[in-house]
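Visitor: I am new to this structure and would like to learn how to read it step by step. Could you show it to me and then take my questions in turn?

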Amino acid sequence: MLKLPQTSTDRRHFIIVGVLTVVGTVVLGFFLLAILPVKAQNSVQAEPIAWLFQVHVWLIAFLFSLVVAFMLYSLFVFRRRKNDDSDGEHFEGNTALEIIWTVVPLVLVVVFSFIGIQTLNDTTSGGNEIQVKATGLQWSWRFDYPNGVTSAEMVLPVDKPVLISLEAQDVIHSFWVAEWGPKQDLVPGMTTTLHITPNTVGEYKLRCTELCGLSHWSMLADVRVVPEDEYTAWMDQKLAEQNLQTVSR
Ligand SMILES: [Cu+2]
């Protein structure tokens with residue numbers, strides 16, 4: 001039976017490894033957050049995703065540090081000394097330790113599944129939304145608005161919830177504006193949806209993120225998030241252009 005720390009030397013080992021684990025967690029956690037794109041970005045939906053990602057990063061940093069600190073410390077402190085040919089102490093298990101490392105991960109997984117459901121719910125629901133239909137085809141995008149306006153670029157007003165219905169004309173594509181966070185597949189024969197509330201004015205790129213053939217790499221579209229008056233003006237201009245085309249035909 002493995003002894004839990006009893007003597008003061010045993011306790012010292014655990015305290016040192018505990019401190020190393022905490023230091024490792026902090027250093028690795030901040031390092032990963034600095035190099036990974038985990039900040040909330042340019043949509044309301046990006047915020048819960050970024051938060052969940054950051055919680056994961058801290059958990060990953062802790063678990064990595066816990067394992068590595070115990071391993072490296074043991075390798076170094078309990079290494080074989082010169083002329084020591086004796087066998088290591090025999091032990092057959094530790095019930096308390098086994099219960100801990102079964103129950104703690106179980107609780108973590110259950111808690112994370114609830115946070116995951118909540119995040120999925122936050123990022124895939126909405127109401128009172130502007131509707132846009134986005135069609136993906138080899139290898140371009142088309143956007144149709146309910147008033148009949150059709151465009152090769154997607155223009156949206158800032159801070160307004162949008163429901164994008166996605167349809168594929170040929171093969172599977174995937175809709176992703178990296179700065180917004182969520183991504184959704186387009187599947188021929190069905191309509192999928194993406195709820196998004198862009199909250200930062202700017203110019204973005206929509207990319208197809210499902211390998212869909214030879215020119216998949218060039219399947220891009222311009223996306224502009226603009227103040228509401230600019231959106232209305234763009235819409236009016238588009239409508240006027242399209243009506244003119246209809247008249248001249
Ligand atoms: Cu594609």
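**Reading the model, feature by feature**

Guide: Of the 249 residues of the protein chain, 16% count as buried, where a residue is buried if 20 or more other C-beta atoms lie within 10 Å of its own, exposed if 12 or fewer, and partly exposed in between, with C-beta atoms placed from the backbone. This is a predicted model, in which local features need pLDDT of at least 70 and side-chain atom pairs count only at pLDDT 80 or more, while totals for chains, interfaces and linings use all residues. Residues are numbered from 1 along each chain as its sequence is written.

Visitor: Which elements does the protein chain have, and in what order do they run from the N terminus?

Guide: Helices (H or I, at least four residues) and strands (E, at least two) are DSSP runs, numbered from the N terminus. The protein chain has four helices and ten strands, and their order is α-α-α-β-β-β-β-β-β-β-β-β-β-α. The radius of gyration of the protein chain is 27 Å, well over the 18 Å that the globule rule gives for 249 residues, so the chain is more spread out than a compact globule. That radius is taken over C-alpha atoms, and the globule rule is 2.2 Å times the number of residues to the power 0.38. Along its principal axes, the C-alpha trace spans about 100 × 35 × 30 Å.

Visitor: How should I read the span of α3?

Guide: The expected span of a helix is 1.5 Å times one less than its number of residues. For the 29 residues of α3 this gives 42 Å, and its end C-alpha atoms are 42 Å apart, which agrees. α3 is also hardly covered, for the count of buried residues among its 29 residues is one.

Visitor: Is Val-23 buried or exposed?

Guide: Val-23, whose place is in helix α1 (residues 8-35), counts as exposed, with 12 C-beta neighbours inside 10 Å. Its C-alpha atom is separated by 21 Å from that of Phe-78, 55 residues apart along the chain.

Visitor: What is the order of the strands in the open sheet of five?

Guide: Two strands pair if DSSP finds at least two bridges between them. The order in this open sheet is β4-β10-β9-β6-β7, with mixed pairing. β4 (154-157) and β7 (183-186) stand at the edges, each with a single partner strand, so one side of each is left without a neighbour in the sheet. Within this sheet, β4 and β10 run parallel and are joined by four bridges, and Leu-156 has Val-225 in β10 as its bridge partner. Strand β6 (residues 173-176) pairs with strand β9 (residues 202-208) in the antiparallel sense over two bridges, and there Trp-176 stands opposite Arg-207 in β9.

Visitor: Which residues form the covered face of β4, and which the uncovered one?

Guide: In a regular strand the side chains alternate between the two faces of the sheet. In β4, Met-154 and Leu-156 make up the covered face, whereas Val-155 and Pro-157 make up the uncovered one.

Visitor: How do β1 and β5 run, and how many bridges join them?

Guide: β1 and β5 run parallel and are joined by seven bridges, with Ile-130 opposite Val-162 in β5. β5 also pairs with β8, in the antiparallel sense and over five bridges, where the bridge partner of Leu-166 is Thr-192 in β8.

Visitor: Which residues touch the most other members of the largest nonpolar core?

Guide: In soluble globular proteins, nonpolar side chains tend to be buried together. A nonpolar core is a set of buried Ala, Val, Leu, Ile, Met, Phe, Trp, Tyr and Cys residues joined through C-beta atoms within 7 Å. Of the 21 residues in the largest one, Ala-134, Met-154, Ile-164, Leu-166, Phe-175 and Leu-206 touch the most other members. The elements that give two or more residues to this core include α2 (46-77), β1 (130-137), β5 (162-168) and β8 (192-196).

Visitor: Where is the cis peptide bond?

Guide: The cis peptide bond joins Gln-138 and Trp-139, with omega about -5°, and Trp-139 is found in the loop between β1 and β2. Another backbone feature is at Asp-159, which has a positive phi of about 65° although it is not a glycine. Asp-159 has its place in the loop between β4 and β5 and is partly exposed, with 14 other C-beta atoms within 10 Å.
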